[in-house]
Structures are given as structure tokens and as C-alpha cells.
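Please look at the sequence and the model below with an eye to the ligand and its surroundings. The paragraphs that follow then turn to a pocket and to a sheet.

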Amino acid sequence: MDQILVRGGRPLNGQIEISGAKNACLTLMPAALLTEEPLELTNAPRLADIEMMTKILVSLGAAVQLSEQGRRITIEAKNFEQTLAHYDLVRKMRASILVLGPILARMGEATVSLPGGCAIGARPVDLHLKGLEAMGAELELKGGYVHAKTNGRLKAAVIEFPFVSVGATENLMMAATLGKGTTVLKNAAREPEIVDLARCLRKMGAEIEGEGTDFIEIEGVDALKGTSHKVIADRIELGTFMLAPAITGGEVELIGGKRRLVSSLIDKLEEADIAVEDTENGLKVRRKNGHIEALELTTEPYPGFPTDLQAQMMALLSIAKGTSKIHEKIFENRFMHAPELMRMGADIEVQGGTAIVRGVEKLRGAPVMATDLRASVGLVLAGLAAEGETQVSRVYHLDRGYENLEAKLAACGADIERVKE
Ligand code: EPZ
């Protein structure tokens with residue numbers, strides 16, 4: 001397995017180009033299953049998770065073509081070889097559950113392995129399943145698989161989510177595009193990735209209103225057609241790299257960054273005394289007065305502070321002036337980076353869903369272990385600021401969500417390299 005070595009203490013200066021959004025691409029790709037015509041996605045990120053989703057679509061019988069070094073993906077699900085998404089594929093990536101709605105809507109039956117939990121939590125899919133049942137699907141859970149079938153088309157339903165779920169909103173929005181009648185999703189997720197999916201589905205002929213709000217209406221149509229769609233910029237990659245000059249000092253311009261994608265992060269960065277300015281090509285970030293102010297934050301569904309930036313923010317706040325508080329409200333176990341940061345000298349106390357972070361003068365490089373995608377990049381950020389060398393192991397987590405991480409940071413002056421463990 002690879003390791004990433006970071007020798008910290010150097011301010012970063014330069015530019016970083018933001019790639020297409022992993023979490024938009026992972027729902028846009030299954031949308032191709034809703035039509036027999038080709039769906040072309042451009043500005044796709046080159047990530048392990050995208051390769052994983054490609055394998056699942058191919059296992060169903062879709063033809064997937066990658067070009068422009070993987071940035072252009074053309075998917076044609078003219079006919080299905082099977083409607084089963086196998087455990088061996090699904091267990092490696094939770095987003096695989098997003099093929100369930102589209103297969104069921106298109107084929108009237110689907111067998112998809114339950115994704116199982118992951119490091120950050122149990123991550124059940126009960127809201128996905130309850131929503132499909134409300135739309136007339138008959139579901140049976142057997143042997144770790146969900147067997148779903150419908151008599152004829154899925155039917156319209158009014159579905160009110162007890163709490164916000166990004167994946168359930170995406171799965172049901174896709175399924176409803178081919179349903180009979182108008183489906184309403186209440187307390188729907190409002191993430192930009194959902195807006196991007198709705199825009200793509202509309203270009204495919206879907207009738208959707210209200211994306212980006214918590215009330216989405218989908219009028220089912222008989223069939224969808226192919227289209228070409230550009231994947232939006234990755235707001236989590238953007239937010240992650242905005243924290244790099246904040247934690248090291250220096251000034252970095254994020255090319256393709258848009259303020260509206262990270263407005264809740266920018267509010268917190270302003271509080272931390274970090275300057276974020278709009279430029280012609282994106283956003284420029286630097287410290288205002290050479291230090292970081294402590295703050296309190298709570299993770300919430302969009303437009304609140306994203307849980308996917310919580311670990312990265314904890315790394316920043318571990319060298320802030322004063323004591324910060326982080327409340328993680330989305331996942332039940334998303335503080336595994338805290339003990340790793342403490343190995344680097346951070347002073348963090350975890351009390352249930354709250355982490356108290358007492359800022360220290362300096363972090364010290366140390367061997368640390370990545371546990372999930374965003375925790376691992378939080379450790380890299382800490383390594384950029386720490387004195388000495390940090391070895392981050394299990395970096396396969398990183399490759400799931402960050403394209404060319406080392407190259408992007410090295411281009412701004414970071415002393416970072418990938419080595420075989
Ligand atoms: C998406 O996961 C993202 N993944 C996650 O990003 C992100 O952290 C999460 O949304 C929240 O923003 C993709 O888009 C591929 P949820 P998802 O359904 O859809 C619980 C990353 O690092 N829940 O909004 O799985 C769930 O356990 C990843 O890129 C149920 O209980 O998240 C969680 O506690 C990590 N039952 C909360 O709701 C359900 O049926 C929010 O989950 C569904 C969810």
C-alpha cells in the first residue's frame with residue numbers, strides 16, 4: 001500500500017485547479033441507466049470511486065467509454081445483461097446503492113446488495129427503500145441483498161423524509177422520472193450535486209421542479225433520452241484546498257472555485273481571520289493577520305457547514321489561537337481523525353458528537369493512519385503545517401476522492417511525495 005510523506009512548515013503559494021465533483025459524478029453515472037441512449041459526462045474527475053461505479057454499470061450490461069484521459073465518460077445502457085448489482089462491487093463503495101432506483105424504474109425489477117456500513121457510521125439505506133415502497137415497489141431483504149420489483153411502472157407518491165438524506169433524494173428523484181404521475185419529495189436534500197443531477201435529468205427529458213429547495217416535484221415521463229452534461233466543480237475538493245494556505249500561511253488561488261459552492265465554509269474562514277477573495281478565475285485564500293482565530297461550528301445538510309469538510313477544519317483549528325468546538329451532527333462516528341491529530345500534538349477532547357479543540361502553537365510530524373476519505377486529507381493538511389515529517393498510511397482512501405493530490409500541493413511548494421509502503 002502507498003504512503004504519503006509530507007515535510008511540513010512551508011507556506012504554500014500558487015494555483016490549484018479544481019476537478020469535477022466526485023459526488024455529482026457518482027449520481028450522474030447511474031442516471032444513464034434510465035435511458036437506452038448514450039449519456040456523455042464531461043469534466044469528470046479521475047478517481048477510484050468513478051472506476052468503481054464504471055465497473056458496476058458495466059456489470060449490468062452498460063457500455064462505458066472513457067476518453068480525454070478519463071475526463072469524458074460516455075455511458076450507453078441500451079439493454080441490460082442483468083439487473084443484479086453484486087456484493088463484491090457494492091461493498092467497496094456505498095454510492096453503489098444509487099443504481100437501485102434507476103434499474104427498478106427502467107426494468108421493473110432490481111437486485112442490489114445492501115452497501116453495508118463504513119468507518120464513519122452504519123449508514124443505513126432505509127429511507128431509499130421506504131421511498132421506493134411508497135412508489136409501489138415490492139421489496140424483500142434476503143442474503144444481504146434487496147430484491148425489488150414493480151408491477152408495471154413505479155407510481156407517484158408524496159414522500160416526506162424524517163431527516164435530510166442526499167442519497168435517498170437522488171435515488172428517488174431518478175426513480176420518479178419514469179414513474180406514473182407526479183412524485184413529491186419533502187424535506188429533500190438541497191446539495192449542489194442534487195441541483196446538477198436535476199439539470200442533467202431535465203436535459204434528458206425529465207420534468208423536475210424545485211431542485212435546490214427542500215420540496216422537489218417530479219412528473220414521470222414514458223422515456224428519457226441521452227444528453228451531454230458537464231459535471232459541476234467539486235465543492236469539497238475546493239473547500240479542502242482552501243484550507244491549505246490557511247493552515248500553512250501563504251496565498252493560493254483555487255481555479256474554478258465559486259463562492260456559492262462553499263459559502264458556509266467562507267463564513268467560518270472569515271471568523272477564523274482568513275481572507276477569501278473572488279478572482280477572475282476563482283477564489284484566492286490567505287491568512288489576514290498571520291494567525292487563525294478559534295471558532296465553533298456544527299455540521300448540517302447544505303447550505304449548512306458540510307460534514308465532508310469537518311476533518312479538514314479540525315486540522316486547521318488544532319493550531320488556532322484559543323479553544324474551538326466542532327459539533328458533528330450528520331454521522332455518528334466521524335471523529336476518527338482526532339486521535340491521529342493528537343499523535344501530531346493536537347489537543348482534542350471528544351465528547352460524544354462534540355470535539356473540543358484547544359489550539360497549540362505547532363504540530364509535530366508523526367506516522368498517522370487514514371481511516372476515511374476526508375479524515376485522510378485532514379491529516380495531509382496537518383502534515384503541511386507540522387514541523388518535521390508526517391507519514392500518512394492507507395492513502396487508498398485519498399485516491400477515492402482526490403485527483404493528483406500530491407501534484408496539486410507540490411505545485412504550490414509543498415514538500416510532499418508518495419512512496420510504496
Ligand atoms: C452523501 O452520502 C455523500 N456521498 C457523503 O460524502 C456525504 O458525507 C453525505 O452525503 C452527507 O452530505 C455521496 O454523495 C456519494 P446521507 P449519503 O444519505 O447520501 C443517515 C464523501 O466523503 N441515513 O445524506 O450516504 C446516514 O447514515 C462522502 O464524499 C439513514 O439513516 O449521506 C447519515 O447519518 C462521505 N438512512 C445521514 O443520514 C438512509 O436511508 C446523512 O446521510 C440514508 C441516510
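Which element gives the most to the shell around the ligand? Helix H5 does, with 3 residues. This is a predicted model, in which local features need pLDDT of at least 70 and side-chain atom pairs count only at pLDDT 80 or more, while totals for chains, interfaces and linings use all residues. Residues are numbered from 1 along each chain as its sequence is written, and side-chain values use heavy atoms, with hydrogens and water left out.

The ligand has 21 residues around it, of which Asp-126, Leu-127, Ser-165, Asp-308 and Ile-330 come nearest; a residue is near a molecule if one of its heavy atoms lies within 4 Å of it. By class, this shell holds 9 nonpolar, 5 polar and 7 charged residues, where Ala, Val, Leu, Ile, Met, Phe, Trp, Tyr, Cys and Pro count as nonpolar, Asp, Glu, Lys and Arg as charged, and the others, Gly among them, as polar.

From the backbone, an N or O atom of Pro-124 lies 3.2 Å from a ligand nitrogen atom. On its own the ligand has 820 Å² of accessible area, and the protein covers 87% of it (Shrake-Rupley method with a 1.4 Å probe). Helices H1 (22-31), H5 (126-134), H6 (166-176) and H12 (373-385) are the elements that give two or more residues to the shell; helices here are DSSP runs of H or I with at least four residues, and strands are runs of E with at least two, numbered from the N terminus.

Turning to the second largest pocket, its volume is about 500 Å³, and among its 19 lining residues Val-231, Ile-232, Ala-233, Lys-258 and Leu-261 are the closest to its centre. A pocket is an open set of points on a 1 Å grid over the protein atoms alone, where a 1.4 Å probe fits, with protein on both sides within 12 Å along at least five of seven lines, and lining residues have an atom within 4 Å of a point. The volume is the space filled by probe spheres set on the points, which are joined across faces, edges and corners. Helix H7 (residues 192-203) supplies the largest share of this lining, 3 residues.

Strands S7 (residues 109-113) and S9 (residues 145-149) run antiparallel and are joined by 5 bridges; Ala-110 has Ala-148 in S9 as its bridge partner.

Note on methods:
Polar contact = N/O pair within 3.5 Å; in protein donor to acceptor, adjacent residues only side chain to side chain. Pairing = 2+ DSSP bridges.
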